[in-house]
Amino acid sequence: MNAESIETKLLKVNAAKPEAEKIAVAAEILRQGGVVAFPTETVYGLGADALNPAAVAKIFTAKGRPGDNPLIVHVADIAEVGKLVSSISPVACTMMRTFWPGPLTLILPRREIVPDAVTAGLETVAIRMPDHPVALALIRAAGVPVAAPSANLSGKPSPTRAIHVQVDLMGKVDAIIDGGDTGIGVESTVLDMTAERPLILRPGGLTLERLQMVLPEVGLDPGIMVAQEETSVLARSPGVKYKHYAPQAEVLVVEGEAERQPETIRRLAEDAEAKGKRVGIIATEENAYRYGNRQVIVSGSRREPLTIAHNLFSIFREMDAEGKDMIIAEGIDDKDLGMAVMNRLRKASGFRIVKVH
Ligand code: TXA
Ligand code: MG
């Protein structure tokens with residue numbers, strides 16, 4: 001890309017009570033067709049006016065994102081959804097009322113008004129209402145729906161801190177709003193409401209268990225936990241087919257009996273190191289002491305998958321910065337937020353999974 005570097009405004013705000021003047025600056029940029037990175041409760045997003053195709057195009061340029069990967073439209077009010085979609089089923093309505101604002105993205109039938117640049121030409125549009133004071137204030141002040149993918153360079157881990165956005169997008173976007181660390185740390189759950197049976201296309205911040213309480217019939221897209229090459233299922237969510245969340249290093253995931261993972265990981269690490277590779281290990285709190293003198297990065301406790309989700313992408317970036325050639329990660333239970341964590345880990349590994357018995 002030979003795009004000239006542009007001046008990126010850095011706006012540091014109070015995350016709980018964002019200063020109106022600073023939000024107004026960012027909102028004006030959005031109204032003028034510019035692009036602004038902002039925090040949400042999941043990860044940082046890179047926003048543009050969703051109804052302005054030229055503005056939306058800038059998102060793809062800044063990220064280096066393939067044009068056939070559609071964007072999520074962010075709203076600050078359920079009432080805005082009616083302008084973007086052709087129909088809302090009673091079930092979809094219940095989902096919004098129950099889980100919004102929050103880490104749930106709904107796939108709904110789109111109206112013509114939503115540009116092809118947003119939907120990648122699909123007949124559906126992804127919509128969510130983020131649960132973050134800064135994101136909500138920005139959308140309200142802009143007065144337009146805000147299309148926003150995660151604010152990383154395409155192929156890099158999603159940003160959970162403003163510094164991650166700066167590293168990836170400084171000079172490529174009009175402004176970055178720094179609202180501190182994002183809470184959840186993995187992206188929203190994407191739920192297709194246009195299929196006969198509501199289907200999770202991407203596990204994320206809203207857990208399957210919580211969804212099932214309101215929507216017992218919810219299904220999991222078969223493409224979620226297996227490598228795309230291993231499944232005959234056509235990727236329903238276009239983004240799913242790309243190698244996502246990938247750090248520079250090659251990633252290996254070790255799954256199975258928790259207590260026995262460190263032994264296998266140590267052996268894999270020694271083998272790789274014998275070949276001259278620099279290896280980083282992502283361990284859980286429970287197992288950290290099982291690595292002897294070896295340095296590991298602790299992602300959190302197995303009893304608190306939220307902590308692990310919160311730290312995961314940041315650890316990927318840290319390992320890249322340290323120049324690791326290989327990352328070996330302990331697997332955790334697929335329960336609760338563990339499902340999203342394992343989905344991101346397995347995808348980052350290109351489904352190179354080692355099972356211990
Ligand atoms: O938490 C999140 O969802 C963050 C924050 C910024 O909101 N956003 C995010 O956006 O993760 P992105 O672009 O990185 O991921 C959006 C996912 C992609 O997998 C994309 O393919 C899928 O949603 N998607 C978007 N529109 C779709 C549609 N109409 N049908 C099916 N999948 C869609
Ligand atoms: Mg993304």
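**A walk through the model**

Guide: Let's start at Asp131, which sits in the loop between E6 and H6. Keep in mind as we go that this is a predicted model.

Visitor: Okay. How accessible is Asp131?

Guide: Asp131 has 42% relative accessibility, so it counts as partly exposed.

Visitor: And which residues does Asp131 touch, not counting those up to four places away in sequence?

Guide: Those are Glu41, Pro101 and Gly102.

Visitor: What about Glu273, how many Å from Asp131 is that?

Guide: From C-alpha to C-alpha, Asp131 and Glu273 are 43 Å apart in space. Along the sequence, 142 residues separate them.

Visitor: You mentioned Pro101. Where does Pro101 lie?

Guide: In the loop between helix H4 (90-99) and strand E5 (104-109). There's a cis peptide bond there, joining Trp100 and Pro101, with omega at about -10 degrees.

Visitor: Let's move on to H6. Which residues of H6 are buried?

Guide: Val134, Ala135, Leu136, Leu138, Ile139 and Ala142.

Visitor: What do those buried residues of H6 pack against?

Guide: Two kinds of element. There's helix H1 (20-31), and then there are the strands E2 (36-38), E4 (72-74), E7 (146-147) and E8 (175-178).

Visitor: Leaving aside neighbours within four places in sequence, what is Ile139 in contact with?

Guide: Ile139 is in contact with His74, Val75, Ala76, Pro130, Val144 and Val146. As for Trp100, which is 39 residues from Ile139 along the chain, the two C-alpha atoms are separated by 15 Å.

Visitor: What comes just after H6?

Guide: Gly143, which takes a positive phi of about 75 degrees.

Visitor: Which residues other than glycine have a positive phi?

Guide: I can give you two examples, Ala120 and Asp336. Ala120 has a phi near 55 degrees, and Asp336 has one near 45 degrees.

Visitor: Where are Ala120 and Asp336 found?

Guide: Ala120 is in the loop between helix H5 (116-119) and strand E6 (124-128). Asp336 is in the loop between strand E15 (326-330) and helix H11 (338-348).

Visitor: And how accessible are they?

Guide: Ala120 counts as partly exposed because its relative accessibility is 26%. Asp336 also counts as partly exposed, at 38%.

Visitor: New topic: Asn287. Is that one buried or exposed?

Guide: Buried, at 2% relative accessibility. Asn287 lies in the loop between strand E13 (279-284) and strand E14 (297-300).

Visitor: What does Asn287 touch, leaving out residues up to four places away in sequence?

Guide: Ala258, Glu259, Pro262, Arg302 and Glu330. Ala258 is 29 residues from Asn287 along the chain, and their C-alpha atoms are separated by 7.9 Å.

Visitor: How many aromatic pairs does the structure hold?

Guide: One. Phe313 and Phe316 form it, with 6.3 Å centre to centre and 45 degrees between the planes, and the pair is tilted.

Visitor: Where are Phe313 and Phe316 in helix H10?

Guide: Helix H10 covers residues 305-321, and Phe313 and Phe316 are three residues apart in it, so about one helical turn separates them. Phe313 is buried at 0% relative accessibility, and Phe316 is buried too, with a relative accessible area of 0%.

Visitor: Let's zoom out. How many helices and strands are in the protein chain?

Guide: Eleven helices and 16 strands. Of the chain's 357 residues, 55% count as buried.

Visitor: And what does the C-alpha trace span?

Guide: About 55 × 45 × 35 Å along its principal axes.

Visitor: What about contacts between residues at least 6 apart in sequence?

Guide: Of those in the protein chain, 69% join residues at least 24 apart.

Conventions: Residues are numbered from 1 along each chain as its sequence is written. Chains are lettered from A and ligands numbered from 1 in the order in which they are written. This is a predicted model: local features need pLDDT of at least 70, side-chain atom pairs count only at pLDDT 80 or more; totals for chains, interfaces and linings use all residues. Side-chain values use heavy atoms; hydrogens and water are left out. Rings of Phe, Tyr and Trp (its six-membered ring) pair if their centres lie within 6.5 Å; planes under 30 degrees apart count as stacked, over 60 as edge-to-face and the rest as tilted. Helices (H or I, at least four residues) and strands (E, at least two) are DSSP runs, numbered from the N terminus. Buried means under 20% relative accessible area, exposed over 50%, partly exposed in between (1.4 Å probe, protein chains only). Contact means heavy atoms within 4.5 Å.
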